[in-house]
Amino acid sequence: AMMGCDVECVCYSEYLSSRDCNAFREMFDDFEVESYIHYDTIDGTCERIIDEEGNLRDLTEDLVWGRLDKEPTPKISKPKRRMKVLLVDEVDVFFKEDFYGETYNPVSHLQHQSIEKAMLFIWN
């Protein structure tokens with residue numbers, strides 16, 4: 001973080017992630033980097049990154065149901081993004097049989113007769 005990067009510290013355990021964040025908080029404050037260091041679970045980190053531009057599930061539903069603004073949103077100049085660094089705590093757990101190869105699946109459940117008909121058409 002002191003080199004200009006956002007740091008994502010991920011752990012399989014919410015408890016361990018929170019504990020570690022609290023243990024280092026004072027040091028992060030002293031170096032004035034607390035806003036650039038994020039502790040979370042792998043799912044929480046994925047969710048935050050996916051939703052940086054807006055809630056993906058809500059945006060998907062708005063698109064499908066025609067609720068998005070018809071006029072394009074004017075481009076607002078965004079601050080330059082910082083490079084991201086991923087640190088994996090308890091990395092051995094990520095390589096165990098019950099964790100390794102699992103996927104994170106952000107989905108939006110859309111239920112409507114027209115969607116069902118479209119899916120049947122596509123699969124047939």
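How do the residues of the lining of the largest pocket divide into nonpolar, polar and charged? They divide into 7 nonpolar, 4 polar and 2 charged, where Ala, Val, Leu, Ile, Met, Phe, Trp, Tyr, Cys and Pro count as nonpolar, Asp, Glu, Lys and Arg as charged, and the others, Gly among them, as polar. The model is predicted: local features need pLDDT of at least 70 and side-chain atom pairs count only at pLDDT 80 or more, while totals for chains, interfaces and linings use all residues. Residues are numbered from 1 along each chain as its sequence is written, and side-chain values use heavy atoms, with hydrogens and water left out.

**Sheet**
- An open sheet is formed by 3 strands in the order E2-E1-E3, with parallel pairing; strands (E, at least two residues) and helices (H or I, at least four) are DSSP runs numbered from the N terminus, and two strands pair if DSSP finds at least two bridges between them.
- Strand E2 (37-41) and strand E3 (83-88) are the edge strands, each pairing on one side only.
- From one strand to the next, the twist averages 25 degrees; axes are lines fitted to C-alpha atoms, for helices over the stretch in contact, and angles run from 0 to 180 degrees between N-to-C directions.
- Strand E1 (residues 5-11) runs parallel to E3 and is joined to it by 6 bridges.
- Val 7 stands opposite Val 85 in E3.

**Helices on the sheet**
- Helix H1 (residues 14-30) packs on the sheet and touches E1 and E2, contact meaning heavy atoms within 4.5 Å; the direction of H1 makes about 165 degrees with that of E2.
- Helix H2 (residues 42-50) lies across E1 and E2 and runs at about 125 degrees to E2.

- Leu 16, in helix H1, is buried with a relative accessible area of 13%; buried means under 20%, exposed over 50% and partly exposed in between (1.4 Å probe, protein chains only).
- Not counting residues up to four places away in sequence, Leu 16 touches Cys 11 and Glu 90.
- Thr 45, in helix H2, counts as buried at 4% relative accessibility.
- Apart from neighbours within four places in sequence, Thr 45 is in contact with Glu 8, Val 10 and Asp 40.

**Largest pocket**
- The volume of the largest pocket is about 240 Å³, a volume being the space filled by probe spheres set on grid points, which are joined across faces, edges and corners.
- A pocket, on a 1 Å grid over the protein atoms alone with a 1.4 Å probe, is an open set of points with protein on both sides within 12 Å along at least five of seven lines, and lining residues have an atom within 4 Å of a point.
- Of the 13 lining residues, Ile 42, Asp 43, Phe 99, Glu 102 and Thr 103 are the closest to the centre of the largest pocket.
- H2 gives the largest share of the lining, 3 residues.
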